[in-house]
Amino acid sequence: ELGIYNRGSDYDMAFTLLVPALKLHDRNQPVTLDMRHSALGHSWLSLRLFDEGTINRWRDCCTLTDHLNGTTNYFFSPTLVADWFQEAVGLVLAELQRKPQRGTPRVERVERHNTLLSMVLGVGSSRMLYDIVPVVSFKGWPAVAQSWLMENHFWDGKITEEEVISGFYLLPACSASGCRENEWRLSFARSEVQLKKCISPGLMQAYQACKAIVIKLLAQPTSISPYYLRSIMLWACDRLPASYLSQEDYAAHFMLGLIDDLQHCLVNKTCPNYFIPQCNMLEHLCDETAMFHARKLALVRSDPAEHLRSIIDQAKAANRLTQEMQRRGSSSGLLSPLTDPSSADHQQPDDRLAKKLQQLVTENPGKSISVFINPDDVTRPHFRIDD
């Protein structure tokens, strides 16, 4: 569940960071994905087979289930992990505020949205939005997606299978009918980064335009996620001839095709996950919600140029707002990221260190000049000159 932020007024650039709380990269580790209690594409994660040290370290982030034979099962809980993660980030931020250092970004906003943490950092006159998600990281490939590898795909021969199946994640997100305390969602973000290399520029351009329209028009991320559109695009790459998709001047055709495919998915309430085709990502939608969004898309389809023009105007307005805020910040003496805000003596131009070094080089020809930075006091560099 993402927060509602606007580019230009709240941030200038946006990123999503998947931060591994737990790395299970050793194939010899006894990992147990328990999918008996969850919807397709989701799983519980049992730590029962781990060593005592790991269990004791993460006990506070687990829900416990006692078996009839007297053993206890430890299920890694996404909600408890999110609680721990938010507290850990809070400690880091408190330390930064207690001991501010030159070069450290300003923390302008921190908000939690369910299991996700959103943070806006200021660096000079730029503001960056980070949606930070604590995840469980795996190497290899899950058995539930093994059959997908047996099919023919658009990326065959362009990248190796090893690149595609290098790893996957568990995200702290449950299905519509799942248990929030225990259920994680499988994510193949690492594979998607590799597959993007094989998508033609024209189709990628159409996808970005279509995504912008969907986000603006269907502004209910809990109902219609842009991720559905990404899956539709990947399925289109498998279905359509490569010679057609490589036509760079067909971007408009591709955009209309993506809108048609999404509308078809909504009308039928069927959108298969690209990596787990048997998982229908729209199964949870009620008929009324699905038809409501399908009718909205029909309006886009009747006049796509007008909706695209509206999106472009919105992007231009956001850029103007960003530039205006940056100009206002510069004229009001906004500190640069290299400036120490705790000392008025250090509010000189950013190039003063370079000028100082140039002066030292000029005054000491043929000598060695070392710059030592004390990690406990980064407010000033220390110079040493010797032969």
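1. The lining of the largest cavity is made up of 6 nonpolar residues, 3 polar ones and 1 charged one, where Ala, Val, Leu, Ile, Met, Phe, Trp, Tyr, Cys and Pro count as nonpolar, Asp, Glu, Lys and Arg as charged, and the others, Gly among them, as polar. The model is a predicted one, in which local features need pLDDT of at least 70 and side-chain atom pairs count only at pLDDT 80 or more, while totals for chains, interfaces and linings use all residues. Residues are numbered from 1 along each chain as its sequence is written, and side-chain values use heavy atoms, with hydrogens and water left out.

2. The lining of this cavity consists of Ala82, Phe85, Gln86, Arg112, Asn114, Thr115, Leu116, Leu117, Ile132 and Pro134, a lining residue being one with an atom within 4 Å of a cavity point. At least two of the lining residues come from each of α2 (78-98), β7 (116-123) and β8 (126-139), and α2 contributes the most, with 3 residues.

3. The whole structure holds 1 cavity of 30 Å³ or more, a cavity being a set of points, on a 1 Å grid over the protein atoms alone, where a 1.4 Å probe fits but cannot get out. The space in the largest cavity is about 40 Å³, a volume being the space filled by probe spheres set on the points, which are joined across faces, edges and corners.

4. The protein chain has 11 helices and 12 strands, both taken as DSSP runs numbered from the N terminus, with helices (H or I) of at least four residues and strands (E) of at least two. Of its 387 residues, 40% count as buried, meaning under 20% relative accessible area with a 1.4 Å probe and protein chains only. Among contacts in the chain with a separation of 6 or more, 64% are between residues 24 or more positions apart, contact meaning heavy atoms within 4.5 Å.

5. Where does Ser38 lie? Ser38 is in the loop between β2 (32-34) and β3 (42-46), and Ser38 counts as buried because its relative accessible area is 16%. The side chain of Ser38 reaches the backbone oxygen of His42 at 3.2 Å, and, leaving aside neighbours within four places in sequence, Ser38 is in contact with Ser43, Trp44 and Glu183.

6. Ser231 belongs to helix α6 (residues 226-239) and is buried, with a relative accessible area of 1%. When residues up to four places away in sequence are not counted, Ser231 touches Pro272, Tyr274 and Met281.

Definitions and conventions:
Buried means under 20% relative accessible area, exposed over 50%, partly exposed in between (1.4 Å probe, protein chains only). A polar contact is a pair of N or O atoms within 3.5 Å; within protein, one must be able to donate a hydrogen and the other to accept it, and residues adjacent in sequence count only if both atoms are side-chain atoms. On a 1 Å grid over the protein atoms alone, a cavity is a set of points where a 1.4 Å probe fits but cannot get out, and a pocket is an open set with protein on both sides within 12 Å along at least five of seven lines; lining residues have an atom within 4 Å of a point.
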